[in-house]
Amino acid sequence: MTIKTGQPLPRLELPTVGGENRMLGDLYGGRFLVLVFYRGLHCLRCNPYLNIFQTLLPKFHELGAEVIAVSSDEKSRAEKSVALWGLDRLKVAYGFPLKSAQDWGIYVTERGKPEDPPQFTEPAVFIVGSDGKLDHGIINTAQRLRPDPNEVLSHIMDRVAEAGA
């Protein structure tokens with residue numbers, strides 16, 4: 001079963017780099033939430049992509065939105081990603097269970113190179129409305145053609161303006 005626009009998201013509790021466990025409900029708390037699923041430490045495209053979200057983070061926060069990056073990486077790999085990629089402001093969650101990927105409609109890929117983990121998720125972006133329901137989801141089947149973070153920001157700007165009208 002894949003979630004659809006307007007449906008509540010599956011239950012998700014994950015640890016974040018820095019030590020806190022977060023439940024999805026605690027993350028959105030009446031505001032927009034952007035969940036950016038990334039492939040993991042081995043992904044060369046993930047670093048610049050997540051850094052764009054980090055650069056835009058103050059604008060997301062101005063709109064009352066939170067952004068969190070999510071991967072199936074284990075703790076040590078997630079910590080290494082944060083350190084190597086300079087993700088000092090973006091929340092990074094790790095340990096997303098691959099068995100949950102089907103509930104979210106996220107593609108799982110088998111290892112391509114020896115240094116890759118045995119399995120990992122492909123990129124996806126979920127925009128959760130302030131009501132905790134899926135507002136918009138973009139699911140990739142491979143590492144390329146990810147949604148532009150500026151367009152994600154623009155979408156939330158439009159939603160906030162619509163809510164204020």
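## Arg-159 and Glu-162

Arg-159 is partly exposed, with a relative accessible area of 30%. Partly exposed lies between buried (under 20% relative accessible area) and exposed (over 50%), using a 1.4 Å probe and protein chains only. Glu-162 is also partly exposed, at 47%. Salt bridges with shared partners join Asp-135, Arg-159 and Glu-162 into one network.

The side chains of Glu-162 and Arg-159 meet in a salt bridge at 3.0 Å, N to O. A salt bridge here is a side-chain nitrogen of Lys or Arg within 4 Å of a carboxyl oxygen of Asp or Glu. Both residues sit in helix α5 (residues 149–164), three residues apart, or about one helical turn. Helices (H or I, at least four residues) and strands (E, at least two) are DSSP runs, numbered from the N terminus.

## Basis of the model

This is a predicted model: local features need pLDDT of at least 70, side-chain atom pairs count only at pLDDT 80 or more, and totals for chains, interfaces and linings use all residues. Residues are numbered from 1 along each chain as its sequence is written, and side-chain values use heavy atoms, with hydrogens and water left out.

## Links across the chain

The salt-bridge count comes to six. One of the pairs is Arg-39 with Glu-122, whose closest N and O atoms are 3.0 Å apart. Arg-39 lies in the loop between β3 (33–37) and α2 (46–62). Glu-122 lies in the loop between β7 (119–121) and β8 (124–128), 83 residues apart from Arg-39. Both Arg-39 and Glu-122 are buried.

Glu-66 and Lys-91 also form a salt bridge, at 3.2 Å from N to O. Glu-66 lies in strand β4 (residues 66–70) and Lys-91 in strand β5 (residues 91–93), so the pair ties together parts 25 residues apart in sequence. Glu-66 counts as buried, at 7% relative accessibility. Lys-91 counts as partly exposed, at 23%.
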